[in-house]
Amino acid sequence: MTTTELTAQERWQAIVALHGDPEPIDADLLCLLDLPDDLPERMTIAEAAEVTGLTAHTLRYYERIGLVRVERDDTGYRSYDRRALARIVVITRLRVSGMPIGTVRHYVDLIEQGEHTEPQRLALMEEHRARIQQQLRDLQLALAVTDYKITVYGGVVPS
């Protein structure tokens with residue numbers, strides 16, 4: 001069984017098995033990693049845009065640069081399936097976390113080359129995780145300074 005065939009719960013159990021029980025993730029945040037079960041089999045670009053929160057322009061761009069493959073229906077219109085939407089969700093999260101589009105393209109290329117590239121994908125994700133952790137530390141310091149300044153000016157920092 002490949003990692004793409006695992007359910008969200010099975011993936012989470014695998015993470016816990018590898019790393020121990022990490023800090024709890026908010027259920028609302030965790031659900032953003034998976035698509036709702038009640039989605040139709042196929043969606044138009046407008047429907048895909050609504051589900052992913054991206055614009056149709058961005059979805060077409062992702063397709064044009066090879067990040068996602070989208071089938072066409074009998075009339076030639078884009079028809080998004082769950083697999084395409086799932087990839088878009090992952091791409092969106094990687095982009096939000098600061099991964100450059102070129103690195104995302106490299107990651108997708110590795111995926112498409114097959115399972116033998118999993119060590120390279122792992123290394124790429126470990127490097128990206130380290131960058132995210134540094135960003136979080138930087139943001140925590142920025143928050144601490146901001147909180148300090150709020151109290152200096154007589155404000156109250158929410159707890």
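How are helices α6 and α7 oriented relative to each other, roughly parallel or roughly antiparallel? In this predicted model, in which local features require a pLDDT of at least 70, side-chain atom pairs count only at pLDDT 80 or more, and totals for chains, interfaces and linings use all residues, the two helices are roughly antiparallel to each other. Residues are numbered from 1 along each chain as its sequence is written, and side-chain values use heavy atoms, with hydrogens and water left out.

The protein contains 7 helices and 2 strands, where helices (H or I, at least four residues) and strands (E, at least two) are DSSP runs numbered from the N terminus. Read from the N terminus on, the elements follow the order α-α-α-α-β-β-α-α-α. Of the 159 residues in the protein, 22% are buried, a class defined by a relative accessible area under 20%, with exposed meaning over 50% and partly exposed in between (1.4 Å probe, protein chains only). Among the contacts in the protein with a separation of 6 or more, 49% come from residues 24 or more positions apart, contact being taken as heavy atoms within 4.5 Å.

The axes of helix α6 (residues 101-113) and helix α7 (residues 118-152) come within 9 Å and cross at roughly 155°; axes are lines fitted to C-alpha atoms, for helices over the stretch in contact, and angles run from 0 to 180 degrees between N-to-C directions. Angles under 35 degrees count as roughly parallel, over 145 as roughly antiparallel, 65 to 115 as roughly perpendicular and the rest as oblique. The crossing of α6 past α7 is left-handed, a term used if the near helix is turned anticlockwise from the far one by less than a right angle, whereas right-handed applies if the turn is clockwise. On the α6 side, the contact is made by Thr103, His106, Tyr107, Leu110 and Ile111, and on the α7 side by Gln120, Arg121, Leu124 and Met125. By class, these residues comprise 5 nonpolar, 3 polar and 1 charged, with Ala, Val, Leu, Ile, Met, Phe, Trp, Tyr, Cys and Pro counted as nonpolar, Asp, Glu, Lys and Arg as charged, and the others, Gly among them, as polar.

Helix α6 also packs against helix α5 (residues 82-96), the axes coming within 10 Å and crossing at roughly 145°, and this crossing is right-handed. Here Arg87, Ile91, Leu94 and Arg95 of α5 make the contact with Ile101, Val104, Tyr107, Val108, Ile111 and Glu112 of α6, a set that divides into 7 nonpolar, no polar and 3 charged residues. Asp109 is likewise found in α6 and is partly exposed, with a relative accessible area of 40%; the C-alpha atoms of Asp109 and Gly66 are 8.7 Å apart in space, although the two residues are 43 residues apart in sequence.

Helices α3 and α4 have axes that come within 9 Å and cross at roughly 100°, and the two are therefore roughly perpendicular to each other. Ile45, Ala48, Ala49 and Thr52 in α3 meet Ala56, Leu59 and Arg60 in α4, giving a contact with 5 nonpolar, 1 polar and 1 charged residues. Ala48, which is found in helix α3 (residues 45-52), counts as buried at 0% relative accessibility. With residues up to four places away in sequence not counted, Ala48 touches Met43, Leu59, Tyr80 and Leu85, and the C-alpha atoms of Ala48 and Leu59, 11 residues apart along the chain, are separated by 8.3 Å.

Glu63 is found in helix α4 (residues 56-64) and counts as buried at 18% relative accessibility. Not counting residues up to four places away in sequence, Glu63 touches Val68, Val70, Arg72 and Arg78.

A search of the whole structure finds 1 aromatic pair. The rings of Tyr61 and Tyr62 have centres 6.2 Å apart and planes at 45°, so the pair is tilted; rings of Phe, Tyr and Trp (its six-membered ring) pair if their centres lie within 6.5 Å, and planes under 30 degrees apart count as stacked, over 60 as edge-to-face and the rest as tilted. Tyr61 is partly exposed, with a relative accessible area of 29%, whereas Tyr62 is buried at 7%.
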